[in-house]
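Subject: The structure, and what turned up in it

Hi,

Here is the structure I promised to send over. Have a look at it first, and then read on for my notes.

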Amino acid sequence: MVEEVVGVVAAVGAGALVYLAAAARVVKQYERGLVFRLGRLHGDVRLPGFNLIVPGVERLRKVNMQIVTMPVPAQEGISRDNVTVRVDAVVYFKVVDPSAAIVNVEDYRFAVSQMAQTSLRSIIGKSELDDLLSNREKLNQGLELMIDSPAVEWGVTIDRVEIKDVSLPDTMKRSMARQAEADRERRARLINADAEYQASKKLAQAARQMADTPSALQLRLLQTVMAVAAEKNSTLVLPIPVELLRFLERGAQPPAERSGLAESPGPAASPGPAESPGPAESSGQAESPGHARAAERAEITERAVDLTDQAGEAMEKLRRAVEQ
């Protein structure tokens with residue numbers, strides 16, 4: 001009798017364990033559970049933890065509540081400015097209503113993927129190439145709104161949408177490269193022209209300053225010679241004072257232009273018959289231009305000698321400076 005009671009208890013216990021094993025369900029922290037009793041949604045959403053269902057009558061469907069990262073395949077289309085582009089993106093979404101995600105749509109992942117591809121092609125056709133390359137934030141917001149509008153009925157919310165890459169044809173890439181190169185060359189020329197303009201203004205100021213003080217030009221010439229001599233090369237620099245060049249230039253001009261006597265005499269200046277000079281006066285007037293030219297030549301020679309001595313002194317000072 002006792003053995004029969006023990007056998008019955010053991011059988012009941014074994015049956016209870018089998019029933020408990022078949023009815024026990026565990027829902028993870030990032031999941032929610034939906035119970036379908038004979039194909040009909042029953043009760044509220046099951047929370048994470050240990051849950052029991054009626055085996056054979058009820059079925060538990062788990063829904064992942066984590067954020068899903070879904071890549072959108074690259075879509076090829078023609079932009080509004082008639083440029084063929086290839087754009088791919090990525091969509092971040094999550095389920096906020098497990099019941100709607102399971103009941104209202106057959107496969108919410110596939111539905112979101114197809115909606116993302118369709119919206120991406122629509123965005124490509126409505127946008128220009130410059131917007132796709134530089135104004136992606138605005139396009140991402142528009143793409144997110146286009147996907148999120150139908151996804152609300154599926155119990156899914158779109159967290160964010162990001163355009164990853166925009167592929168262009170090789171011909172378009174070369175055209176854009178030439179455009180960028182031309183723009184940079186234009187800016188470089190403008191910068192060089194502006195630098196030349198500023199440098200010319202400074203040089204004009206320096207020229208006016210040196211014109212007021214001629215010795216500054218000589219000092220600048222000596223500095224240049226010292227800079228050339230510091231290179232230890234075989235170049236021979238012979239400084240010539242600017243005054244000497246100006247003096248030689250004036251000496252090369254005709255005497256009438258130098259003395260300012262190139263005025264043609266008028267009719268009143270011509271001597272008449274009654275006023276014709278005598279022999280002595282005519283000989284004195286014939287000799288006076290020769291004496292004037294001789295005196296002027298002597299003066300030119302003396303000044304050339306003085307300038308040559310000054311040039312020699314400058315060379316000597318330069319040699320001493322270089323030796324120091």
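Two residues are in contact when they have heavy atoms within 4.5 Å of each other. With that in hand, take Val156: leaving aside neighbours within four places in sequence, Val156 is in contact with Phe93, Lys94, Val95, Val96, Tyr108, Val112, Asp148 and Ala151.

A word on the ground rules before the rest. This is a predicted model, in which local features need pLDDT of at least 70 and side-chain atom pairs count only at pLDDT 80 or more, while totals for chains, interfaces and linings use all residues. Residues are numbered from 1 along each chain as its sequence is written, and side-chain values use heavy atoms, with hydrogens and water left out.

**Overall**

The protein has ten helices and eight strands; these are DSSP runs numbered from the N terminus (helices H or I, at least four residues; strands E, at least two). Of its 324 residues, 21% are buried, where buried means under 20% relative accessible area, exposed over 50%, and partly exposed in between (1.4 Å probe, protein chains only). Among contacts with a separation of 6 or more, 66% are between residues 24 or more positions apart. The accessible surface is about 22,900 Å², and carbon and sulfur atoms hold 56% of that. Those areas come from the Shrake-Rupley method with a 1.4 Å probe, and for residues only the protein chains shown count as cover.

The largest nonpolar core has 36 residues. By nonpolar core I mean a set of buried Ala, Val, Leu, Ile, Met, Phe, Trp, Tyr and Cys residues joined through side-chain atoms within 4.5 Å. Val156 is among the residues with the most contacts inside this core, along with Val85, Val91, Phe93, Tyr108, Val112 and Ile158. The elements giving two or more residues to the core are S2, S6, S7, H2, H3, helix H4 (129-134), H5 and S8. H3 gives the most, with seven residues.

Helix H3 covers residues 108-126, 19 residues in total, and reaches 27 Å from its first C-alpha to its last, close to the 27 Å expected at 1.5 Å a residue. (The expected span is 1.5 Å times one less than the number of residues.) Its buried residues include Tyr108, Val112, Leu120 and Ile123. They pack against strands S5 (58-64), S6 (68-78), S7 (84-95) and S8 (156-167), and against helices H2 (98-103) and H5 (136-151). Gln117 also sits in H3, and counts as buried at 14% relative accessibility. Not counting residues up to four places away in sequence, Gln117 touches Val72, Pro73 and Gln75.

**Salt bridges**

Side chains of opposite charge can pair when their charged atoms come close. The whole structure holds seven salt bridges, each being a side-chain nitrogen of Lys or Arg within 4 Å of a carboxyl oxygen of Asp or Glu. One of them joins Arg37 and Glu58 (2.3 Å, N to O). Arg37 lies in strand S2 (residues 31-37) and Glu58 in strand S5, so this pair ties together parts that are 21 residues apart in sequence. Arg37 is partly exposed at 35%, whereas Glu58 is buried at 8%.

Helix H6 (residues 170-212) has its own pairs. Arg186 and Asp183 both lie in H6, three residues apart, about one turn of the helix, and their closest N and O atoms are 2.9 Å apart. Asp183, Arg186 and Arg187 are linked in a network of salt bridges. Glu185 and Arg189 also meet in a salt bridge (2.9 Å, N to O); they are four residues apart in H6, again about one helical turn.

**Surface and loops**

Tyr19, Leu38, Val54 and Val57 make a nonpolar surface patch of about 380 Å². Patches are made of residues with over 30% relative accessible area and no salt bridge, with nonpolar side chains (Val, Leu, Ile, Met, Phe, Trp, Tyr) joined within 5 Å and like charges within 9 Å. Tyr19 belongs to helix H1 (residues 2-23) and is partly exposed at 47%.

Most residues other than glycine have a negative phi. Leu38 has a positive phi of about 55 degrees although it is not a glycine; Leu38 is in the loop between S2 and strand S3 (40-46) and is exposed at 71%. Asn82 also has a positive phi, about 60 degrees, and lies in the loop between S6 and S7.

Best wishes
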